[in-house]
Amino acid sequence: MFRVEISGERLQVLIGDKQVLLHTPDDPFVHAGRGGGHLTMDDGRWSVSELTTEKTALTQSQYDAGRSTIRFWGGSLSVTFLLTNNEGDLVLSLQRASIGIDRLWLAFPAAPGQSVFGGGVQYGGLDLRGRRLPMWVVDKQFDRARVNPVTNLKVGGHMASPFPQPVYITENLTFVYAVTSSYSVMDFKHAKRHRMEFWDLPQSITVGAADTPDALMTRMTRLTGRQAMLPQWAQEGAWLEIHGGIQPLADKLEKVIDSGAAVSALWIRDWTGERETADGKQIFYDWIWNRELYPKLDRLIPELTSRNVRVLAHINPHLAIEGRLFAEASAKGYLIKKAEGGNYITDMGGFMAGHADLTNPDACTWFKELIKNNILGLGFSGYMADMGAFLPSDAVLFSKEDPVKIHNRWPHLWSKLNRQAIREAGRSGDTVFLTRTGFAGSNAQAMLSNVGEINAGWGRQDGLPAALSAMLSLSMTGMGLSVSEVGGSVSVMTGRTKELFLRWLEWSAFTPVMCLVEGDPDGWQFDSDEETLKMFARLVNIHTSMAPYMRACVRENASDGLPVMRPMFLSFPERKEMYRINDQYMLGDEILVAPVLRKKQTERRVTLPPGYWIHMWTGRQYIGGETVVYAPLGKPPVFYRPAGKHAQLFDTFLAKY
């Protein structure tokens, strides 16, 4: 329960003994104003022009205990917040605001030097302190120009996030969660304040506090949402993406079977066919089974399912103009429109496509029937629901809403549509869909998040280390089930080497789902040589052997909001050094994983928490503290608790693997 304390012109709000709101005339909680900035999209890439025409410090405050409101004012502007209690959390709802205010800046208390976590998928490191994060969903992460040191040419580099979340957690065990769909910014560059900027008036801000990280995550995920249990098959082998037709599928599957590796799913990205473009082969955006590329697929899917190999598809809300579904959707008026009339047609990278209008209820019903009949009806056990954030800034929607203002809600609408289709088909228990994009509210709809198109390299901002940061950051915002594509799915200035692939593969064995994609056809693959194939089989089978433990972790995520992959401080909050660790994590509460994230590295320094730990590959027992561990390819530093519930299972790995 919160309480308001006033001393002169100083106003503060506390939950227990934790200060969660502070206002003084010299350092006000609220700034308000008007802005003229613009957000525009060109070729799928967003640009932001920030222009603030007025920003006024609301230096004065007045608390009305009877109405439970706080009014802040300064100059000619004022805002009034209603304060309510939601199961112990403080909810700030904007009750009144001066006419014309369309910018709001809020400043929450911060302790100098303390760490901050969250923000959704963030690539630059787990601790957000010192960073300024735009809360804006992007499909294409490779936006900001950077220079190739060899050619001196500008190429793409990681810029933003496909799954940002306007929520953060502090080392002091408080959280702030904004319910908004507008463009916003979380700014952690200031020593004594965490600042949030909104390009509209937020619906509400919830602030919570707890005595332990576990309790804080449980409180926070009541608001952000939790994922359902994954079907049991999802963690009983690797997910393998294969494209190019029925023969490559058969050949790859035979290699996997001969290697002795367990495969739980084959992901057929191009089940609707392919087209040649200047950028290479692209999926044909007409969500109908291509019988020429995949003959007898309707027989193959149930046959593989009977052998415990599920088959996954791919879909997005875009329709190629040459396709049958585009013609049908156009005739029914289910596509987004241009201001001058007609369907909005976009160059998607060498081909043209229209876009389903997710604000049109009839269009959503039509698309759900398409999924139920063409994907689930064919026997697929799941699919990638991709590209959920592509909404042109000048489109005309059925709902008449401003595309810029609804942009961050778009991936939520897309995930919701897919979740409803699966539920309506009666397939909730055995089917899963992945999504790359999301925002506030998406966690409860999305079943599994793919953390984006990571570069096949070692870069801290865009390579293997960035994938780890993305998964851990996302886990701290309530999305506890995520996956990274082994080896990286794109190649910018680098290629997928054998060492990179194997280091990514060995790490992936200790994540919720092992997912391999072919990526650059010239890059290293799981079957590029015999040594890789042998190591692939061993690591996949290690992952499969952990299925009973993984299911327990997934169950805890669904029930209590505790992510499967956990930053170290979540399990050891009493150890301050754990808040500074960005490159190792707990898998559930019994396994510690320290991935090798640098090339040509065969040793790793690991920080072990207090107590006894067993090294999984040697059986040697360690006591908490810093230690250097030998880490050859295929054997990343992994430790488990000898007194854990699953210790007997992990004891068998030394002899088996």
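The chain has 657 residues, for which a compact globule would have a radius of gyration near 26 Å; the value for the chain is 25 Å, which agrees. This radius is taken over C-alpha atoms, and the globule rule is 2.2 Å times the number of residues to the power 0.38. The model is predicted: local features need pLDDT of at least 70, side-chain atom pairs count only at pLDDT 80 or more, and totals for chains, interfaces and linings use all residues. Residues are numbered from 1 along each chain as its sequence is written, and side-chain values use heavy atoms, with hydrogens and water left out.

**Overall build**

- The C-alpha trace spans about 75 × 70 × 55 Å along its principal axes.
- Of the 657 residues, 60% count as buried, where buried means under 20% relative accessible area, exposed over 50% and partly exposed in between (1.4 Å probe, protein chains only).
- Among contacts between residues at least 6 apart in sequence, 69% join residues at least 24 apart; a contact means heavy atoms within 4.5 Å.
- The accessible surface comes to about 24400 Å², and 49% of it belongs to carbon and sulfur atoms; such areas come from the Shrake-Rupley method with a 1.4 Å probe.
- The chain has 70 positive and 70 negative charges, whose mean positions are 4 Å apart. Lys and Arg count as positive and Asp and Glu as negative, without His and the chain ends, and each charge is placed at NZ of Lys, CZ of Arg, CG of Asp or CD of Glu.

- Strand E1 (residues 2-7) pairs with E2 in the antiparallel sense over 6 bridges; two strands pair if DSSP finds at least two bridges between them.
- Isoleucine 6 has leucine 11 in E2 as its bridge partner.
- The hairpin of E1 and E2 has 2 residues between the strands, and glycine 8 in the turn has a positive phi of about 65 degrees.
- Strand E2 (residues 10-15) is mostly covered, with 5 of its 6 residues buried.
- E2 is also joined to strand E3 (residues 18-23) by 5 bridges, and these strands run antiparallel; leucine 14 stands opposite glutamine 19 in E3.
- E2 and E3 likewise form a hairpin with 2 residues between them, where glycine 16 in the turn has a positive phi of about 65 degrees.

**Strand E18 and its partners**

- Strand E18 (residues 174-179) has 5 of its 6 residues buried, so it is largely enclosed by the rest of the structure.
- Strand E17 (residues 164-170) pairs with E18 in the antiparallel sense over 3 bridges, and tyrosine 168 has valine 176 in E18 as its bridge partner.
- The hairpin of E17 and E18 has 3 residues between the strands, and leucine 173 takes a positive phi near 65 degrees there. Leucine 173 counts as buried, at 8% relative accessibility.
- E18 also pairs with strand E21 (residues 204-209), antiparallel over 6 bridges; alanine 178 stands opposite isoleucine 205 in E21.

- E14 is joined by 4 bridges to strand E19 (residues 184-187), and the two run antiparallel; methionine 135 has serine 184 in E19 as its bridge partner.
- An open sheet of 9 strands, with parallel pairing, has the order E33-E32-E31-E30-E26-E23-E22-E35-E34. Its edge strands, E33 (482-483) and E34 (485-486), each pair on one side only.
- Within this order, strand E26 (residues 310-315) pairs with strand E30 (residues 382-385) in the parallel sense over 4 bridges, and histidine 314 has methionine 384 in E30 as its bridge partner.

**Individual residues**

- Leucine 502 has its place in helix H9 (residues 498-508) and counts as buried, at 0% relative accessibility.
- Not counting residues up to four places away in sequence, leucine 502 touches Thr532, Met535 and Leu633.
- Glutamate 87 lies in the loop between strand E10 (77-86) and strand E11 (89-97). Its phi is near 50 degrees, a positive value in a residue other than glycine, and glutamate 87 is exposed, with a relative accessible area of 57%.
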